[in-house]
Every structure is written in structure tokens, then in C-alpha cells.
Amino acid sequence: LVSTLSVQEVLVETGICGDVDSGPGKPPKQLQQVRRDWCGQGSTLSLGDPMVLLSALSLSEKTVGSDTDKFCASVGLRPKALKEIRKLRRQLSTEIETIMPQVGQLLQPGLAPPDQGEARLLQQLLVAGCGDQVARKIMQGEPGYVKGGYKVGRMEQPAFIHSASVLKKRCPEWIIFQEIFETDKMYMRGVTEILPEWLPRYVPGLCNMGKVL
């Protein structure tokens with residue numbers, strides 16, 4: 001997960017298969033469905049866009065050489081990004097094995113995507129590591145309400161889940177994001193659904209706790 005989130009623009013969002021129905025910055029509909037299928041249901045779906053990256057990495061481990069390039073083209077992966085991820089995984093694994101020799105060899109063939117339990121642990125890990133990148137959906141009737149809008153920290157303008165995210169239609173109430181950028185609006189990428197009760201547990205320093213009135 002650290003390796004995949006450390007590399008920029010792993011997924012190709014435009015110019016794939018020439019799907020004219022896809023809007024700007026959106027992958028073709030067929031590819032969007034493939035990525036949703038990778039996420040399944042439950043916690044693996046809630047893990048969201050990181051689950052897509054981990055699933056793509058897992059499937060790519062079964063390919064070599066020219067087959068890897070064909071696979072990347074078919075699922076919208078940037079080949080150079082995949083090489084960077086693999087290189088970073090090797091470097092991180094070597095460092096961990098040096099510091100903690102008792103763990104043995106970390107890089108094993110047949111990398112599997114997270115199961116339900118692992119996906120939930122990864123959600124919580126992202127909360128602990130990215131607690132300052134939390135967004136809450138602005139509910140109808142609240143000041144500043146805009147359909148699909150999220151409140152991010154002290155930002156005055158709302159932010160929106162990017163159209164390429166597998167959680168765009170799900171529109172969870174609480175999310176963690178990996179990147180925020182501005183075009184015509186503020187958009188969030190690398191989105192994961194979280195539970196609000198995780199915040200005081202994993203990032204208490206960022207929470208203002210008080211008595212319920």
C-alpha cells in the first residue's frame with residue numbers, strides 16, 4: 001500500500017479505448033466497471049481507490065515482459081508507474097528485512113489483494129496516517145450545502161470526489177483522501193470511506209472532544 005500510494009498517476013484516466021461517453025478526466029465506462037468489480041463489497045469496497053491500486057498490482061504480478069505492457073493497456077495502468085511501484089516495494093522490503101530479520105523474506109510470489117479483514121485494517125491505517133486529510137459530506141440543510149460537496153478542514157469552498165473514483169456514486173459520509181486539487185472545483189482523489197468513531201481513536205490530537213449538549 002505504501003508503494004502504490006507513493007507513486008503519482010498510477011492509473012490512466014483518459015484516452016483509453018476511445019469511449020466518447022466518458023467525460024473529461026473519467027476512464028471509459030467499461031474500465032470503471034472493471035475497477036468497481038475489483039473492489040467487491042463490504043470493507044474492500046469501502047477501502048475504495050487504494051483497493052483498485054492493490055488489485056491492479058496483484059493482477060500485474062502474474063504478467064512478465066510484453067504481457068505486462070498489454071495488461072497495463074487493458075486495465076488503464078501506467079507501465080512506468082508499475083515499474084516504480086515494484087522498485088519501491090523491493091527497496092522497502094529490503095530495509096524492513098534488514099531492521100527486522102525475524103520477519104523473513106517479505107516479497108513472496110502470488111501477491112493477493114486484501115480480504116475483508118485486511119481491507120478494514122488498511123482503512124484504519126489510513127486514518128492513523130492521513131488524519132489531516134479527512135472530509136465530511138455536507139448534508140442537505142447545512143450552511144454551504146452543495147450536492148455531492150464535502151467539508152475539508154478549514155477550507156471555505158466545498159470539495160468533491162473525483163469522477164474517476166470508485167466511491168463517486170456511493171458518496172460516503174466520511175472519507176480520507178490522498179490528493180486534493182483544483183480545476184473548475186476542488187476535487188479529491190485516492191478516496192477511502194471511514195467511520196467517524198475511528199478519528200478519536202487513531203488521531204485524537206486532531207479531534208476536539210466535548211460533552212454532548
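Visitor: How much space lies in the second largest cavity?

Guide: This is a predicted model, and a search of the whole structure finds two cavities of 30 Å³ or more. For the second largest cavity, the space inside comes to about 30 Å³.

Visitor: Which element gives the largest share of the lining of the second largest cavity?

Guide: The residues that line this cavity are V10, L53, A56, L57, L77, L82 and I85. Two elements, α4 (49-60) and α6 (79-99), each give two or more residues to that lining. The largest share is three residues, and the element it comes from is α4.

Visitor: Is S165 buried or exposed?

Guide: S165 is found in the loop between β3 (159-161) and β4 (174-176). A residue is called buried when its relative accessible area is under 20%. Because the relative accessible area of S165 is 6%, this residue is buried.

Visitor: With the side chain of which residue does the side chain of S165 make a polar contact?

Guide: Leaving aside residues up to four places away in sequence, S165 touches D49 and V191. The C-alpha atoms of S165 and P50 are separated by 9.9 Å, although these two residues are 115 residues apart along the chain. The polar contact of the S165 side chain, at 2.9 Å, is with the side chain of D49.

Technical notes: Residues are numbered from 1 along each chain as its sequence is written. This is a predicted model: local features need pLDDT of at least 70, side-chain atom pairs count only at pLDDT 80 or more; totals for chains, interfaces and linings use all residues. Side-chain values use heavy atoms; hydrogens and water are left out. On a 1 Å grid over the protein atoms alone, a cavity is a set of points where a 1.4 Å probe fits but cannot get out, and a pocket is an open set with protein on both sides within 12 Å along at least five of seven lines; lining residues have an atom within 4 Å of a point. Grid points are joined across faces, edges and corners, and a volume is the space filled by probe spheres set on the points. Helices (H or I, at least four residues) and strands (E, at least two) are DSSP runs, numbered from the N terminus. Buried means under 20% relative accessible area, exposed over 50%, partly exposed in between (1.4 Å probe, protein chains only). Contact means heavy atoms within 4.5 Å. A polar contact is a pair of N or O atoms within 3.5 Å; within protein, one must be able to donate a hydrogen and the other to accept it, and residues adjacent in sequence count only if both atoms are side-chain atoms.
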